[in-house]
Amino acid sequence: MKARRNKKQVPSFRKLLKTSKVKLENKLKNKQFKQQSTLKKYRKEQRKLRQAVKDAVSKKPVPLEDPRGNRPGAGKRVEREEEEEEALPLDMLDEDDLQLMKDLGQRASFLTRDLSSSEPVHAKKRKHESIIDKYEKIPRTMQMAPEKELIHLLPIKDKSGIIPQTREKPVIDCNRDEEDQEEEFDQVEDIIEAPIRELTIEEHLIERKKKLQEKKMHIAALASAILSDPESNIKKLKELRSMLMEQDPDVAVTVRKLVIVSLMELFKDITPSYKIRPLTEAEKSTKTRKETQKLREFEEGLVSQYKFYLENLEQMVKDWKQRKMKKSNVVSLKAYKGLAEVAVKSLCELLVALPHFNFHNNIIVLIVPLMNDLSKSISEMCCEAVKKLFKQDRLGQASLGVIKVISGFVKGRNYEVRPEMLKTFLCLRIKEIEVKKDTEDINKPKKFMTFKEKRKTLSRMQRKWKKAEEKLERELREAEASESTEKKLKLHTETLNIVFVTYFRILKKAQRSPLLPAVLEGLAKFAHLINVEFFDDLLIVLHTLIESDDLSYQESLHCVQTAFHILSGQGDVLNIDPMKFYTHLYKTLFKLHAGATNEGVEILLQCLDVMLTKRRKQVSQQRALAFIKRLSTLALHALPNSSIGILATNRVLMHTFPKTDLLLDNESQGSGVFLPELDEPEYCNAQNTALWELHALRRHYHPVVRRYAAHLIAGAPSEGSEALKPELSRRTAAELFETYSMAAMTFNPPVASSNSKRKDKVLEGDSFLSEDLNQLIKRHCNEVATHLPLDFAKYFETSLQ
C-alpha cells in the first residue's frame, strides 16, 4: 500500500515526458497555494484566540441577562427564578445586607459575563466551540506581566499534515531598562566627577614607543612567515596589507610607512621571474596534481595582492594631490606628503626591480606624470628611476613602454614639461646598435635544413650527424634563453622613431621652449642613428637657430655639437660646408669664463674633439692655429679643471697638426698682423702670434696646470723630463675636466699643509718681519676667509707665510 502511494505521489519519467510543461507549472502553483491557505487559516485561528483573551481581560462586565432568552422555554425559566426570588425571606436580612445584595445585583460578576460576544457573527459552531474549549483550559491568573508575543516560523510538513512552528519573542523589561539607564547615568556622573588624568608629553611618547614596537614586531613576524614559505603563507599578505589602514592616530603614519616598505621588499623577493597569466576556463576545469594546484593558488593570490597594493599606493598619491581630509582624521594634511613620498619611492623601486612582472605598464602610467611634479624631490626620484630602468634594460621592451608614455605626456602638455623628462632619453642603450631598415643587414636566425635537402646533399651517416648537431643547437639556444637580435633591433628601431618624432616636434613647434637644450643634446648623442634623408633639413634648422641669437651659450654649443655629429657619421657622403658652424664656435669661446658658464666647457671640449680631431683632413692649418691661440687665451680666465681640459685639447691639436709648433717661436712666420678681435678663424692671421699665455699659466697656483703649461712650452714631447705622466697623458680632455672638478669648492688635489718646524725656522730667519706685520697678514687672511671658502683662505695664509 505504501509503495502504491509513493508511486502515485512520484510520477514516472515516462509520465513526466507526456505531461506538458504548463500542466506541471499549474500543479506546482496549486500545491504552493494549498500550503499558503493552510498557513493563513492557522494564523487566523491564532489571531482570534489572542483577540478573545484580550476581550476577556479588558471588556467591561455586562448586566446579568440571558443572551439566549429568545429560545423556547426561556420564559418559563425566568418566571421560575422570579418565584424563587420572591420566596426568599428578605425580612430576616438587615438593612445593610439588603443594600449590599441590591448593589451586587446591579453589578455583574466576572463569572456571569457572556463570552460568546467576543466571537464574530459569521463564525461556525465547530470553530466557536473549539475556541471556547481552548479558552476554558487557560488558567485563571491575573496577567501582571505583559503578554508574550509569538514569532511564526516556517511550518513542518508531516504525514499527519502541516505542523506550525512558533517561537516566543523576547520581551524587554521596561523596569530593567530604567534601572540600566539609571546605572548608566550614575556611571556618566561618576566619569564627569572624576575625569581621566591627562598624560604628560613624556608619558605620551613612552606609550607611543611601546605601541610602535608592538606594531613593528607584528610586521616582522608576518614578513618572516611569508619569506619562509610564500606558497603556504600567501594569505598573510592580506593581513599585512590591512595594516595600511592603521587607525591609531599616534602611530598611524609611521606604521603605514613601515608596511609600504615591507610589502615592497616582500614583492621584490617572492615575485617569480616570469609574468603570471590568468587561467583559461579549460585549465580551470581540468584536474591537476596537488603541487600544481598549490602553485596556481599562490600565483593567483600573489597577483591579486600585488594589484591591491598598487591601488593603495595610487590612492595615497591621489590623497596628497587632492589634499582631502578623511572622515577618520587619522592622518593629518602635513603627513600626506610623507606618505606620498614613501609610496612614490616604492613605485620607483618596483618599476626598476620588476619590469617583467604584471602591472608594469600601470606603474609606468603612475610614474611618468610624477616626473613633471612640482615637488622637486618626487620629480628627481621618478627621473632617476626611469634612467636606471633605461640603463639596465638590455632587450628594450620596458624602455619602449616608458618612451611611449613620456612622448604622449609631453605632447598632451603642449611641450610645457620639465627638461629632466627628456634628459632621461640620454640613458637609452641604443648607441652601440646599428639600426637599419634593410632586412639584408639584419642577422636572420639560422635555418635548419629540410629532410629533402639533406637527402639530396648528405649521405646516411652525414644525415645522422646533422640531426644530432641540430638537436644540440636547439638545446643550447633554449638553455641560453637569449632574445634574438632581430627582435631587439625591432624594439630599438621603434623606440628611436618615437624619440626622434618627439625631438622634431619640439624643434618645429617649440623652438623657444626650455626643452631645446635637452633636445639638442639628445640629437647630438643619437645623430649617427638618424636617417640620412633628414640631414639637410635638420642642418638648416640648426643653422637657423644659431643665427636667431635667441639661444644661450649652452644651447648654441649643443647645436654645433649636433651638426658635427651628423657630419662625422653618415653625413660624410654629403657635400656640406660646415664653415658657418666653425665660425660660430670660434665666436662663442669667449662667452665661457670661471663663473656660471663654466659648465659649458665640457660641451666645448666634446665639440672640439669632433670638429678638429676627427675631421683633421677637412681642417686647414690656419683654422687650427686660430683655435689653439684662442683656447690658450681662454685658459687664463677659466677654473683650474677647465684650464686643464683646454690645455689637454691644445696638446692633442699640436700632435694632430705638427706645423702648429710655430706658435712657440717668437719670430713671425708670415705677413700681416694678428687680429684677436676678428671672429673669422681663417683670416685672423694666427700664424703671426705666439702662445705667451703658457708662460703666465706656468705660474698658476694649481700644480697640474703648471705641469701642462711647462709640457706645452717644451713642444709637448712624449719622452724626456718634460713628458707627462701616464695618468695625465692617457686621459681625454673631458675626463680630466671631470677628474679635477672643483664643484665642492675645494682644491683638487688638496693643498699640503706646511710643516710647523719649517714655519718656525722661516719666522726666526726672516728678522725683517715684525710682529705687527704678522698680525696684519693674519687679519688680512681672516678678511679673505669671510668671502672665500676655507681652503682658499688656508692657501693664501700658507703662501704668505
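Start by selecting helix 27 (residues 640-656) and helix 29 (residues 703-713), which pack with their axes 9 Å apart at an angle of about 20°. That angle makes helix 27 roughly parallel to helix 29 (angles under 35 degrees count as roughly parallel, over 145 as roughly antiparallel, 65 to 115 as roughly perpendicular and the rest as oblique). Axes here are lines fitted to C-alpha atoms, for helices over the stretch in contact, and angles run from 0 to 180 degrees between N-to-C directions. Helices are DSSP runs of H or I with at least four residues, numbered from the N terminus.

A word on what is on screen: this is a predicted model, where local features need pLDDT of at least 70 and side-chain atom pairs count only at pLDDT 80 or more, while totals for chains, interfaces and linings use all residues. Residues are numbered from 1 along each chain as its sequence is written, and side-chain values use heavy atoms, leaving out hydrogens and water.

Now show the side chains between these two helices. Among those of helix 27 that meet helix 29 are I644, L647 and R651, and their partners in helix 29 include V705, Y708 and L712 (contact means heavy atoms within 4.5 Å).

**Next stop: helices 14 and 16**

Select helix 14 (residues 360-370) and helix 16 (residues 397-412), whose axes lie 10 Å apart at an angle of about 40°. Helix 14 is therefore oblique to helix 16. Here H360, I364, V368 and P369 in helix 14 meet residues of helix 16, including G401, V405 and F409.

**Next stop: aromatic rings**

The structure holds 9 aromatic pairs (rings of Phe, Tyr and Trp, with its six-membered ring, whose centres lie within 6.5 Å; planes under 30 degrees apart count as stacked, over 60 as edge-to-face and the rest as tilted). Select Y306 and F359: their ring centres are 6.2 Å apart and their planes at 40°, so the pair is tilted. Y306 lies in helix 12 (residues 290-322) and F359 in the loop between helix 13 (333-353) and helix 14, so the pair ties together parts 53 residues apart in sequence. Y306 is buried at 0% relative accessibility, whereas F359 is partly exposed at 23% (buried means under 20% relative accessible area, exposed over 50%, partly exposed in between, with a 1.4 Å probe and protein chains only).
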